[in-house]
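Here are a few exercises to work through with the structure open beside you. Try each task before reading its solution.

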Amino acid sequence: MTNGLSGPRKQFLDVLRVLATCAVVLMHVLTGATDVTDASIVPEYRSLLLSVMDLVTWCVPIFLLISGYLFLNPERTLTYPVMIKKYCRRIALAILLFGVPYAASELVVAERTFRIRMIPEALKMTLMGHTWSHMWYLYLILFLYLITPLLKKVLRVLPVWGVVAMMAVIFLGSSVAPFLNKVLDVNSIPVLPDGGVYFLYYLCGYFFAVREVCVDKGRNVWLTAAVAVLALGMILSRTLAGFSIQMAYNYPFTVLLAVLLFAAGWNGGGDGAALAAREKDRIHRIPWQEAGALSFAVYLVHPVYVNLLYKFVKITPFTVLEQCGVQSVAAGQAVLILLLVAICLVVLALATATAWVLRKIPVLRKFVL
């Protein structure tokens, strides 16, 4: 989500960042709608909603892969003063400037009034991580930034096979084991903490950085095809086999989909002549770069518009679907998809316009956004 380090920009990172931001917005448009909707309306569309979630849950992992790719790159030197003064400070300021108003808004809604004492209460809530749910990612990335200089020292002395072995252990313990426990409805398989998978994504970014190679377009096509097959397989398991477990950031399907998506983009952005040509082609690069620069602010502000639409205007995909009077489930599913996409585009447009305005404020652009 963040732009990371200075130096030559790679277009595929901006493309992935923008796509992941769009996926985050769609995910929150969907989860926000189910949160405020009468559960009796949802069951007949459960399979569809779970399939949509399956196809967007890779968004946060992609952000972590990008950060790992940029910050753990062995060619980059990052000291604690640099990390704290530049990168950690930026995230901390974002948490305070956005988290406190969000926490205060919850207090205002709960009490239906505003008290000046709500400001220190909201600050306390934010410091404890009790603000709007999407802000959790900032606390996570702040922690990863804080350990990055130490982690880079460890990675310098650890052979690549050692990193791969560590990633394999984390994948089995924090992803495969919890998933099997869920599928089998048991708690007998030993697991590692679920949070370990976020560390796995960060390390995956490092692995791509150290294995940077120029790859022919043929392999990129195969990787893209693998992404499509994996996504199609998950959808079919929902519709045909009735698989009903909602994917999470740590489940194997999400891990594999995120890594394959990053690999497809990474192969398209290798270090060879093709990359040099793309880096010089400003006509194609600048729009993605500008959109990528807005992604952090879009992430921060988009829930404002989701909440306004759902909780104040009282418009959700399900309320509109109910008013349409659709008779068949199949037709309802088609209409529901169109409504989700339409609301997502509206929220994206409003959030992007807000992000553009906020980045015009010099102090925010320099220190936060």
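## Exercise 1: a threonine in a loop

T131 is buried, with a relative accessible area of 15%; buried means under 20% relative accessible area, exposed over 50%, and partly exposed in between, using a 1.4 Å probe and protein chains only. Before going on, note that this is a predicted model, where local features need pLDDT of at least 70, side-chain atom pairs count only at pLDDT 80 or more, and totals for chains, interfaces and linings use all residues. Residues are numbered from 1 along each chain as its sequence is written, and side-chain values use heavy atoms, leaving out hydrogens and water.

Task: find where T131 lies and what surrounds T131.

Solution: 
1. Start with the location: T131 sits in the loop between α5 (118–127) and α6 (136–157). Helices here are DSSP runs of H or I with at least four residues, strands are E runs of at least two, and both are numbered from the N terminus.
2. Next, follow the side chain of T131, which reaches the backbone oxygen of G99 at 2.8 Å.
3. Now list the contacts (heavy atoms within 4.5 Å). Setting aside neighbours within four places in sequence, T131 touches G99, Y102, A103, M125, T126 and Y139.

## Exercise 2: the end of α5

Task: decide whether L127 is buried or exposed.

Solution: 
1. L127 belongs to helix α5.
2. Its relative accessible area is 62%, so L127 is exposed.
3. For a distance check, L127 and G99 are 28 residues apart along the chain, and their C-alpha atoms are separated by 8.8 Å.

## Exercise 3: two faces of a helix

Task: work out which residues of α13 are buried.

Solution: 
1. In α13, residues 317–324, the buried ones are P317, F318 and L321.
2. Looking down the axis of α13, these buried residues fall within an arc of 90°, so they line one face of the helix. The arc is taken from the directions from the helix axis to the C-beta atoms.
3. After α13 comes G325, with a positive phi near 65°.

Key. Polar contact = N/O pair within 3.5 Å; in protein donor to acceptor, adjacent residues only side chain to side chain.
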